[in-house]
Every structure is written in C-alpha cells, then in structure tokens.
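Please keep the sequence and the coordinates at hand while reading.

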Amino acid sequence: MNIFAQELKMSAISMIYWTTALILLVFVFMFMYPPISKDIAVFESILNNFPISLRRALGITTLDLSEVLGFYGFIFVYILLIGSVYAMKSGISVLSEEIRSKTADFLLVKPVSRSTIVNAKILSVLTNLGIQNILFITLSCLIVNAYKQDSLDAAALVLINASLIQVQLFFVALGLFLSVVIKKIKTVLPITLGVVFAFFVIQLLNQSLDDPKLAYITPFAYFDVGQIIQNSSYDFSFLVTNFVIITVLTVLTYLIYQRQDIPSL
Amino acid sequence: MSVIEINNLTKYYGKARGIIDVSFSVNEGEIFGFIGPNGAGKSTTIRILLALIYPTSGSASIFGKDCIAEGPEIRREIGYLPSEVFYYDNMRVIDLLQYSASFYKNIDKNRIYKLAEIMDLDLNRKIEDLSYGNKKKVGIVQGLLHQPRLIILDEPTSGLDPLMQQKFFDLIHEENKNGATVLFSSHILSEVQKLCSRVTIIKEGRIISIEDINALKRNNYKKFIIDMDEAVSEDYFNIEGVADLAVDKTTFTFLFKGDINQMIDKIHGKRLNNLRIEEPALEEIFMHYYEKEE
C-alpha cells in the first residue's frame, strides 16, 4: 500500500498534464467541427482529390464527416495516439525508473517481495489510467454532445471513448514487458514514441491495404470507429485478441522481473 | 549461532566472473570484516544476500532462512547501507525516511529524529539538494531506523568526513553492543582493523582466508626497520621467515615471522644507526597475503 501511494504521488502531476492535453485536443478539434460541417461539400471535394489509398489510410472512407459522431471518430485516432504514448510511457517507466534513478537498491532490500512491488506499481498505473479515462470520457462526451445537431448515438459515443483505455492497456502491458526485457533503459520517451508510432504506421497501412491479417498486429485496428458507429458494438475477435495479448505480456513481466538481476550502480 | 551462512556461492554475469565458490559464516553478535580490493566480489556477495541478484550456484542463508526463497521475511531484520546511495530526488529527507519506515512493523518513530540528530542531518531539505556526504547520512539513518538484527555495510564510509566517520563507527559499535550482528565490507583496512573481530579476505572472486583479527596481528609477524652503519650484502637479512624485504641504501625493511632470537642473532655484533621493531599494519599483512597467492 505504501509503494502504491508513493507511486501515485510521483506520477500524479504527469497524469494530470496528459489528461488535460487529451481534453484540450477534443475541445480544439471539435471547435473546428461547425465550420467544416457547414462547408462539408467543399471539404469533402478536397479530400476526394486525395488518392483512395491515402483516404483509406486516414480512415475517412468509412466515416461521415458531416455527422458529429463521424467527425469525432475522425479526430479520435489522434486522441488514441496521444493516450497510447502516455500509457506506454507509464508502462515502460514504472518498473525501470527504480533502476534508472538507482533507487532499486533502496526499494528492493525492503521486506517486500518482487511481485508485491510489481502489483503496487501496476495498480498505480491502472489507477492513473482509470482517473484519466473517467475525466476524459465525461468531458469529451459533454463537449461532443454540445455540438450535436439533432440526435446522437450516445451508446456509440461511449463505446468509442471506452476504446481508449483498452488500447492504453495494450501499451501499458507492452511497456511493462519491454521494460523487463530491455536491459538498462536510459530514456523512456524515444522507445515509447518509436514503438507507438510504429504501430500507428501499421494501422495506416492496414487501413490502406485492408489486409485482415495486418489488423491483428496493431491495437489501433482493434476498435474501428466506423464499425462502432455502424453496429454500436465492438468486434469480438479483436476484443479477445487484445485481452489475450495483455494477459500474456503481463504474466511474462511478472515472471521475468521475479528472476531478474538488479544491475549494480 | 551463525547469522549468515554462505555455502559454495558462485555467481557469473554471463561469462564474467562475479564470485567463485565463496563460503564463510558470520556469528551472532560479531562485527565481521569483508576485505578485498575493488572488483574482488564483495558487492556481488552482499547483493546475493539481499536477493538483488541470484546466485549461479551455491546457497546463502540468514537467520537460518534461505536468502532467495525467504528474502522478504529475512529483510525485515536487515539494515543495508550501500557504498553509493541514491534516493527519490524530489522527496524531502523526512518523507523518505518515513517512507522507508513504513515498510517495517513496530517502528519507534522517535528513532528517526534521534539518529538524524546524532548524524547532524537536516530532515527538511530535499534529497536533490543534499551533498554526497549528506545523502550518505540519510542512508545511515534509513539503514538503522528499524533496529535491524543484522547490519550490512558495503564500503560505508566513502563521502563521510573523519568526524562523521567516527560518529558512524560509534553508532555501529552501539548497535553491536545492543545485539546487532554486522557485516562490514571495505577495502580500507584501517577501518576494519578498528571495528572488526574477524575478517575474511576475498580476491578475484575467491575467499583467500578467514582470520581472527587479533590472531592475524599476533601471527608473529614483526615489522623490522634496520638502518645499518656498516655495509652488509643485500640479502644478508633474507633468511627463512622474512617477507617483503626492501633495501634502500643502508635501510632494510621487512616482515619477519619466526623465532625472534634468530633475527636478533643476525643483528648482534653489527653496527646500527637505528632499529625499529613494529607491529605491522594489517595492510602490510594483507599485501603479503595477496602476493603469496599470486
């Protein structure tokens, strides 16, 4: 419990910054919705000049940008991207920070087992994500709702927003796993950005090529906004895939960390 | 009863040698010195005791419990001070110490203040603003605040000024008097000489010998410094039992172990400028050990 509280104290400010950034992004993007929807014909004719593969990559072939939900879906990709960077950063740093700041010799000689430490640290990351998502979903739904024209599929909106934490969990698990596999991580952000953007590029390719196998490689494809708007539900096979990957990576993290030598100073 | 029991402990880092076949035990209530040059394997051994790293083979137990399997339980009773200390930079000293205390049951909270006063440590400063010596003091307080039954010190005095070193030694003595066992690793022999009752010497990952410190000094080694007034051949004193013979013009310096009368006979009838016979410093005895092993 003390480790958990300590972790929260150390990470609270960063969480608040990132959450603010996410909400600001929604605010700013949605601010552009009324002018764009007014001249949607012009906007779409510009977009239609783009080659089809690029339009697919941007995810606009399946979305109706004149609809508030369609427009939100279009910008939500970037919310996912930023949320994922935050999640991956948290996942990579939460265990490795003790080694990086050389405090492992302090914490690990305390009368606690390694799995207790991992429990507390993962719980702190989950708590941060929980708080972030509650704030984000509430405010984002309020903002989007303010721009609705006549009706709004509230269920679809919540489902879109709720996909954020599921993609984030994927990156937390991946970050945790990488942090115990890679020896001596000096800086977190370069690895984080590299990995998240790699998955993002795979998603662009996936949307452009429409290859069903490619979609399983990147979590950005698991919660397709166009499909959520159409069906008001998630794709079950992707949901399971995400769950399995998160579970496997987390279990591996525990196993590897348990047997790991802590490098000396 | 032995508090620490190490049996054939071996650790390789990949192919790099850590320690090989290390065995020794530390008895309850003693201050045990762990001596060796840098890179000999002192920290490796200690880090296995604390389950920071895992042995390649062999075993170690503390209070009769396996260091790895029952680590968390054992560590309730261990206080550890590493040679270099690092803490969470943006915490205040008192917050860090209270965080440290929160890991132990039945802590006497006043002890933090008492220890901080002895070590002259300002509790309200931020860790990142502390000098190296002051961080070390934080390390001492956090290592002792839970009144551990076993204190493990890994080259603890670096960064402390002589006055603080003395206070620190007094503190360790005090804890020892109150029943704590101490494992004291160092490459500075004079501090070990001051503090410890027994020592083990480690070199290149292997234990060379385990000695009672008084026996070691009493081991009949005498240091001779003889300034001759008449010329003698360079190996005049090189008889059985002489070691580390050094000749500087007319001055002969060496360690001698054996029947003292033999040496007196050699000197008898010669003209001398000066003669000193001393107890050798541990350092010199150890150097002798190191060389003998090579």
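Two strands are said to pair if DSSP finds at least two bridges between them. In this predicted model, 6 strands of chain B form an open sheet with mixed pairing, in the order β6-β7-β8-β3-β9-β10. The edges are held by β6 (78-81) and β10 (206-212) of chain B; each has a single partner strand, so one side of each remains without a neighbour in the sheet. On average, and with direction ignored, neighbouring strands are turned by 15° against each other.

Within this sheet, strand β3 (residues 31-35) of chain B runs parallel to strand β9 (residues 198-203) of chain B, and 4 bridges join them. B:Phe34 has B:Thr200 in β9(B) as its bridge partner. Two helices pack on the sheet. Helix α5 (residues 132-144) of chain B touches β6 and β7 (150-154) of chain B, and its direction makes about 170° with that of β6(B). Helix α6(B) touches β3, β6, β7 and β8 of chain B, its direction making about 155° with that of β7(B).

The next topic is the nonpolar interior. In soluble globular proteins, nonpolar side chains tend to be buried together. Here the largest nonpolar core comprises 154 residues, of which A:Met30, A:Tyr72, A:Phe171, B:Ile62 and B:Leu183 touch the most other members. Helix α5 (residues 68-100) of chain A contributes the most to this core, with 17 residues. Neighbours within four places in sequence aside, the contacts of A:Phe171 include A:Ser84, A:Met88, A:Phe199 and A:Phe220. A second, separate core of 12 residues includes B:Phe224, B:Val232, B:Phe237 and B:Val242.

A:Phe171 also belongs to a cluster linked by ring pairs, among whose members are A:Phe170, A:Phe199, A:Phe200, A:Tyr216 and A:Phe220. Over all chains, the structure holds 29 aromatic pairs. One of them joins A:Phe200 and A:Phe220 edge-to-face, at 5.5 Å centre to centre with 90° between the planes. Because A:Phe200 lies in helix α9 (residues 188-209) of chain A and A:Phe220 in the loop between α9 and α10 (225-231) of chain A, the pair ties together parts 20 residues apart in sequence. A:Phe200 is buried, with a relative accessible area of 10%, and A:Phe220 is buried at 5%.

In chain B, the ring centres of B:Phe169 and B:Phe184 lie 6.2 Å apart with their planes at 40°, so this pair is tilted. The pair links helix α6 (residues 162-177) of chain B, which holds B:Phe169, to strand β8 (residues 181-186) of chain B, which holds B:Phe184.

How values were computed. Residues are numbered from 1 along each chain as its sequence is written. Chains are lettered from A and ligands numbered from 1 in the order in which they are written. This is a predicted model: local features need pLDDT of at least 70, side-chain atom pairs count only at pLDDT 80 or more; totals for chains, interfaces and linings use all residues. Side-chain values use heavy atoms; hydrogens and water are left out. Rings of Phe, Tyr and Trp (its six-membered ring) pair if their centres lie within 6.5 Å; planes under 30 degrees apart count as stacked, over 60 as edge-to-face and the rest as tilted. Buried means under 20% relative accessible area, exposed over 50%, partly exposed in between (1.4 Å probe, protein chains only). A nonpolar core is a set of buried Ala, Val, Leu, Ile, Met, Phe, Trp, Tyr and Cys residues joined through side-chain atoms within 4.5 Å. Contact means heavy atoms within 4.5 Å. Axes are lines fitted to C-alpha atoms, for helices over the stretch in contact, and angles run from 0 to 180 degrees between N-to-C directions.
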